[in-house]
Amino acid sequence: MLDFVQQLVSGIALGCVYGLIALGFVLVYKATEVVNFAQGDLMMLGGFFAFTFIGVLGLNYWIGFAGAVVAMALFGMLAERVVVRPILGYPQFSIIMATIGLGYFLRSIAGIIWGTDDLKIETPFSQGVLRIGSLVLAYDKLSVIAATIILCAMLYLFFNRTTLGTAMRASSENMLAAYYMGIPVKRVVSIVWAISAAVATAAGVLLAPITFIHSTVGLVLGLKAFPAAVLGGFGSIPGAVVGGVLIGVIESMAGFYLPQGWKDVAPYVVLLMVLLLKPEGLFGHHARKKV
Amino acid sequence: MRFMFKTDYEDDIKLFPHGGYIVTYGVLLAFLVVAPFILSSYLVSQLVFVFIYATVGVGLMILTGFTGQASLGHAAFLAIGAYTAAYLQQYNVPFPVYFLVAGVLTGAVGAMVGFPALRLQGIYLVIATISFAFIIEEILARWESVTHGNEGMRVKALQFLGTTVSRDSPSFYFLCLAVLTLTIVGTLNLLRSPTGRAFVAIRDSETAARSMGVNVSLYKVKSFAISAAITGFAGVLFAHKLSFISPEMFTLQLSIEFIIVILIGGAFSPHGAVLGAIFIVMIDPFLTYLKDDVPGMIAAVAATFGAGAATAAKIQSNVAAFASANGLKGAIYGVIIVLFVLFEPLGLYGRWLKIKLFFQLFPLYKRATFKRQKIYVKSERNR
């Protein structure tokens with residue numbers, strides 16, 4: 001039983017990691033209906049920025065963290081301006097390919113600049129564990145769980161309670177109508193890319209003590225976070241986190257109870273089954289096109 | 001200037017709209033037939049890879065380009081074809097038999113993937129195909145009694161009619177050429193048939209196709225099966241060409257390369273698959289060239305513009321360091337994909353058509369002929 005609880009908790013911690021990255025996917029999708037395959041790579045780049053600020057320049061952890069978030073937000077706007085804006089309104093697959101290309105580019109540039117070694121950031125959460133009875137939880141994992149909950153709540157409120165959030169949802173449903181209603185669609189898209197890059201950076205920095213930073217970390221985690229977003233229904237913020245936690249728990253349970261090899265595949269098997277039964281994901285809304 | 005008056009539907013679906021086509025493709029085919037005897041063995045080997053990639057490209061094009069169903073899982077179909085061949089070969093099954101079995105089996109798996117894919121759209125379909133490819137990759141690595149797991153499988157040289165066809169021989173080259181040619185001709189014929197028209201109708205509007213009486217589910221599954229079967233055939237050739245296969249060859253990276261093939265070539269015509277395949281196969285030799293020769297050339301240019309010997313040497317070493325940087329290939333891939341999506345979504349073949357039309361209509365060419373329509377109104381979620 002204790003094994004089970006320990007696996008459950010570490011699965012949830014892992015799942016929050018996926019959820020945190022999936023949040024970025026969902027943000028961009030929710031606001032612009034663009035699927036950003038480079039999300040994981042934005043996270044990787046954020047981690048490298050933070051490493052440069054904290055590890056190389058020797059800034060305080062929190063200042064370096066904030067600096068990386070701001071720098072990546074600007075970078076997100078730049079990426080949107082250069083790669084995404086010219087092809088807004090084209091079929092989704094063009095945009096998927098463009099972001100895959102962007103991901104390739106970022107990965108190899110990061111590899112050239114920062115090398116291919118695993119890098120590490122010293123964080124206030126690096127050491128220490130929390131003990132509840134005989135349960136053991138490392139602080140770095142707790143920090144991820146806390147950050148996921150906080151960010152998820154903030155973004156949920158942002159999308160549902162603020163004018164800007166509503167504007168984003170409107171422009172995702174119908175860009176032209178949103179534009180006629182006086183919403184500056186271009187700026188909205190730009191802002192959402194900034195937010196999503198900032199969220200990705202937060203994920204990257206929080207993950208640094210757990211996964212380390214190297215140029216392919218974004219690809220590896222992005223490919224796990226992506227099913228998480230799909231499982232939750234691509235447009236739903238709580239869905240992303242629930243999907244992430246589900247994937248994390250499935251992975252951790254499969255690794256413990258099933259024969260070797262299932263750990264990596266189990267999330268995808270579950271994902272395929274969910275898509276079979278509920279093609280729009282657990283929390284997605286289903287709508288039919290009217291002719 | 002040639003005017004083509006079409007008075008009949010038969011005119012519209014001719015394989016060779018006019019005599020010029022027969023001449024051009026005849027010349028091309030003649031060149032390809034003599035190629036293995038005049039080109040260096042390295043180039044011939046590259047050409048074989050071009051044929052294999054182009055075959056996969058045509059297969060993927062039927063699904064993605066003509067039926068509009070995105071797939072990032074084609075490496076898995078290739079793997080199934082390759083492993084079927086390698087497995088059956090152990091039991092001395094003759095080549096024609098395992099070639100066909102590989103195609104049929106891959107086609108059957110493709111149809112099985114097609115059924116769940118019926119209800120999925122856009123991004124959900126992409127992730128479903130990625131998941132499928134991951135699962136296949138893991139099965140290949142774990143089902144050791146059949147696939148030898150991560151150790152991989154050795155593929156013996158091809159035996160046909162009692163002779164051994166080595167992977168570098170002209171006969172193997174002609175085999176690949178024949179498979180590609182048959183695939184292309186078959187695909188063109190398929191597109192002229194009611195099935196092909198149904199595919200295109202589904203791509204353009206599923207709702208409209210359904211209203212016209214097209215059985216959308218049936219044709220989607222058919223499209224998956226045909227596309228997978230072609231990829232399976234290519235897989236057999238791929239296994240023979242490499243003579244060794246292991247699960248880590250058939251990763252997401254390879255699936256993305258196949259998508260790049262049709263993206264860069266142009267996803268609306270088999271020409272595109274061939275051009276894209278040439279691009280993908282040639283990028284590695286090109287990078288090697290970049291590494292070896294270009295730094296010296298740049299230094300020479302710098303020297304002619306008055307740079308001292310020391311400066312020139314410094315420039316040479318800097319450029320060399322940049323060109324041989326680990327992962328430069330990824331950056332070039334990335335930039336090329338983005339540039340094509342942004343500026344030439346119709347691919348290399350689309351560019352060729354534009355240039356051709358420019359000269360045909362000179363001076364009346366207008367850019368709007370090829371302009372894509374942007375759609376800001378509809379959301380792909382609601383369909």
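**Briefing: helix packing and the A–B contact**

Helix H5 of chain B buries B:Tyr98, B:Phe99, B:Ala102, B:Gly103, B:Thr106, B:Gly107, B:Val109, B:Gly110, B:Val113, B:Gly114 and B:Ala117. The model is predicted. In it, 47 residues of chain A contact 43 residues of chain B. The largest nonpolar core holds 204 residues.

**Helix H5 of chain B**

- H5(B) covers residues 95-117, which is 23 residues.
- At 1.5 Å a residue, H5(B) should span 33 Å; the C-alpha atoms at its ends lie 32 Å apart, so the two values agree.

**Side of chain A that touches chain B**

- The contact joins 47 residues of chain A to 43 of chain B.
- On chain A, helices H4 (92-114), H6 (163-173), H7 (175-180), H9 (217-231) and H11 (262-277) each supply at least two residues to this side.
- H4(A) gives the most, with 16 residues.
- By class, this side of chain A has 31 nonpolar, 10 polar and six charged residues.

**Helices H1 and H8 of chain A**

- H1(A), residues 2-32, packs with H8(A), residues 185-211, at an angle of about 175 degrees. Their axes are 9 Å apart.
- That angle makes the two helices, H1(A) and H8(A), roughly antiparallel.
- From H1(A), the contact uses A:Val17, A:Leu20, A:Ile21, A:Leu23, A:Gly24, A:Leu27, A:Val28, A:Ala31 and A:Thr32.
- These meet residues of H8(A), including A:Val188, A:Val192, A:Trp193, A:Ile195, A:Val199, A:Ala203 and A:Leu207.
- The H1(A)–H8(A) contact counts 16 nonpolar and three polar residues, with no charged residues.

**Helix H10 of chain A**

- H10(A) runs over residues 237-257 and has 21 residues.
- From first C-alpha to last, H10(A) reaches 30 Å, close to the 30 Å expected at 1.5 Å a residue.
- Of its 21 residues, 16 are buried, so H10(A) is largely enclosed by the rest of the structure.

**Nonpolar core**

- Within the largest nonpolar core, A:Leu23, A:Met72, B:Cys176 and B:Ile337 have the most contacts.
- H8(A) provides the largest share of this core, 17 residues.
- A:Leu23 also belongs to the H1(A) residues that meet H8(A).
- B:Ile337 touches A:Met97, A:Ala98, A:Ile100, A:Gly101 and A:Tyr104 in chain A. In chain B, B:Ile337 touches B:Ile260 and B:Leu263, leaving aside residues up to four places away in sequence.

How values were computed:
Residues are numbered from 1 along each chain as its sequence is written. Chains are lettered from A and ligands numbered from 1 in the order in which they are written. This is a predicted model: local features need pLDDT of at least 70, side-chain atom pairs count only at pLDDT 80 or more; totals for chains, interfaces and linings use all residues. Helices (H or I, at least four residues) and strands (E, at least two) are DSSP runs, numbered from the N terminus. The expected span of a helix is 1.5 Å times one less than its number of residues. A residue is buried if 20 or more other C-beta atoms lie within 10 Å of its own, exposed if 12 or fewer, and partly exposed in between; C-beta atoms are placed from the backbone. Two residues are in contact if their C-beta atoms, placed from the backbone, lie within 7 Å. Ala, Val, Leu, Ile, Met, Phe, Trp, Tyr, Cys and Pro count as nonpolar, Asp, Glu, Lys and Arg as charged, and the others, Gly among them, as polar. Axes are lines fitted to C-alpha atoms, for helices over the stretch in contact, and angles run from 0 to 180 degrees between N-to-C directions. Angles under 35 degrees count as roughly parallel, over 145 as roughly antiparallel, 65 to 115 as roughly perpendicular and the rest as oblique. A nonpolar core is a set of buried Ala, Val, Leu, Ile, Met, Phe, Trp, Tyr and Cys residues joined through C-beta atoms within 7 Å.
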